[in-house]
Amino acid sequence: MAELNLGKGLTAGKVASNVQKKLTRAQEKVLQKLGKADETKDVAFEEGVINFNKQYTEGSKLQRDLRAYLEAVKAMHESSKNLQACLEDMYEPDWYGKNEVDSIVEDCDVLWTDYHQKLVDHALISMDTYLGQFPDIKARIAKRDRKLVDYDSARHNYAATHKAKKKDGGIKITKPSSLLERATPSWAQGILSAHNVAQTSLSRSQAEEELERAQKVFEEINVDLQEELPSLWNSRVGFYVSTFQSLAGFEEKFHKEKSRLDQDLYNVLEKLESSDINRKTGNHAVSSSGANRSGKDESNHTLRPGGPPPIPKSPSKLKPAVPPPPKVTPSKEMKTENIINLFDAAATPDISVSSPTQPENWDSWNDSAPAPAATEEEAPKQEMPEPEAEPTTVTPASEEMPPGFMFKVQVMHDYAANDTDELDMKSGDVVLVIPFDNPDEQDEGWLMGIKQDDWLQNKENAVKGVFPENFTQRL
């Protein structure tokens, strides 16, 4: 009679055999846990299994995080692409650098795509290959555990059979006890006893064969795993180094190229801003160099009827302009020497240098000396500006002015400071202009100075700061 076929190569005999194996293994595990049967132990292999599980867990987490990183890169690519497309759509054809902007947008999209593809090819695929070997080894470890239980069970069965043989001490023909033996004729009872002895010998032979077969299967699997597990554990260092070096290298190259594109876009937009301002104002003098800015005092004196002049760009340090060397105003003593040198030796005796009425104000004397024939009506006109300039000539400039003092300006419009390094000024304030500590920090259209009132009160502790030059008028 043919065996019942259950499909997929299974038969009733195989199913029964598998069920019997599971029952035998379960019984063996129970006996081992109860301490009624010993269990084969391999400390080195168990440590290898612990390392394997740890390595598998770490690799699986790294794979998940790498996939999440790639998804984030893909999302950033889409966001960047949409943002760049928005700029491309808004950028009008007649604006400066339209072709450059289109090229930058296209290069940026290609850069993101290349970066994502390299991460997939050199990191994700390598990660998947690395983890692909773990499921097979894990299945073999589980199979090795099952075969170890079969080996222990076969070993215990053989030991029990061998123990029963020694206890019997030999072949004994006993009296028949079963109904079959009782019903058997006396001449056939010896044959039946011999059959029972043969059955016992057959069981012992089967136990020995089963032990040998179970031991062979177990050792084949065990030897392979003993070699593979340590090798797999040691391979993790090289894999981690390779993976993260690839990530770091690709990311460094990507950000370097992305930074270059961002800088190109920034430069184009900056030039667009400059061209737009020049087109609106029509005044190209705003972009003049700092070398001749000091000679254009009239531009600072020109006031717009509609309100204060526009504030120049704040000192952002983005494009520092190198200012001209500071123009130091000569001291009073130097003026005196220069004034004396203007006259020849014949005219020198007529000059009253030590006049008691003006011992210190050499500038006023210089104004009146070239015109000795002025009438009494003209004299008050020459002395009219003196009350306004008197606060600056109370004492010599070398003692009262801050170091490096260049010239004075008067504030024509209120200016509220927008940063900590700027001066807050009111209309009518007088500011003492001084050079920048670092000339590279001076931006076009801005000066460094100290308010005169603050200097007279606090001297070296006075607050200095930058202010827009076109809000002031040079005195």
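Modeller: The model is predicted, so local features need pLDDT of at least 70 and side-chain atom pairs count only at pLDDT 80 or more, while totals for chains, interfaces and linings use all residues. Residues are numbered from 1 along each chain as its sequence is written, and side-chain values use heavy atoms, with hydrogens and water left out.

Biologist: How many disulfides are there by the rule?

Modeller: A disulfide is a pair of cysteine sulfur atoms within 2.5 Å. By this rule the count is zero.

Biologist: What makes C108 buried or exposed?

Modeller: Buried means under 20% relative accessible area, exposed means over 50%, and partly exposed lies in between (1.4 Å probe, protein chains only). C108 has 3% relative accessibility and therefore counts as buried. C86, at 37%, counts as partly exposed.

Biologist: What makes D128 and R67 a salt bridge?

Modeller: The term requires a side-chain nitrogen of Lys or Arg within 4 Å of a carboxyl oxygen of Asp or Glu. In the pair D128 and R67 the closest N and O atoms are 3.2 Å apart, and the pair is a salt bridge. D128 lies in helix α3 (residues 98–132) and R67 in helix α2 (residues 43–90), so the pair ties together parts that are 61 residues apart in sequence. Helices here are DSSP runs (H or I, at least four residues), as are strands (E, at least two), numbered from the N terminus. D128 has a relative accessible area of 28% and is partly exposed; R67, with 40%, is also partly exposed.

Biologist: What N to O distance do D114 and K118 have?

Modeller: Their side chains meet at 3.4 Å, in a salt bridge. D114 and K118 are four residues apart in helix α3, which means a separation of about one helical turn. D114 is partly exposed at 36%, and K118 is partly exposed at 22%.

Biologist: How do you know that D136 and R140 meet in a salt bridge?

Modeller: The N to O distance for D136 and R140 is 3.7 Å. Both are in helix α4 (residues 134–168), four residues apart, so about one helical turn separates them. Salt bridges that share partners join D136, R140 and E228 into one network. D136 has a relative accessible area of 44%, hence the label partly exposed. The count of salt bridges by this rule comes to twelve.

Biologist: Which residues gather in the patch of negative charge?

Modeller: They are E219, E220, D224 and E227, on the surface. A patch is made of residues with over 30% relative accessible area and no salt bridge, with like charges joined within 9 Å and nonpolar side chains (Val, Leu, Ile, Met, Phe, Trp, Tyr) within 5 Å. D224 has 37% and is partly exposed. D224 is found in helix α6 (residues 186–281).

Biologist: What is the phi of K459?

Modeller: K459 has a positive phi of about 55 degrees, although K459 is not a glycine. Most residues other than glycine have a negative phi. K459 lies in the loop between α13 (452–458) and β6 (464–468). At 25% relative accessibility, K459 counts as partly exposed.

Biologist: Why is H413 called buried?

Modeller: Because H413 has 17% relative accessibility, H413 counts as buried. H413 lies in the loop between β3 (407–411) and β4 (430–434). H413 and Q473 are 60 residues apart in sequence and 9.9 Å apart in space, C-alpha to C-alpha.

How values were computed
Accessible areas come from the Shrake-Rupley method with a 1.4 Å probe; for residues, only the protein chains shown count as cover. Lys and Arg count as positive and Asp and Glu as negative; His and the chain ends are not counted. The place of a charge is taken as NZ of Lys, CZ of Arg, CG of Asp or CD of Glu.
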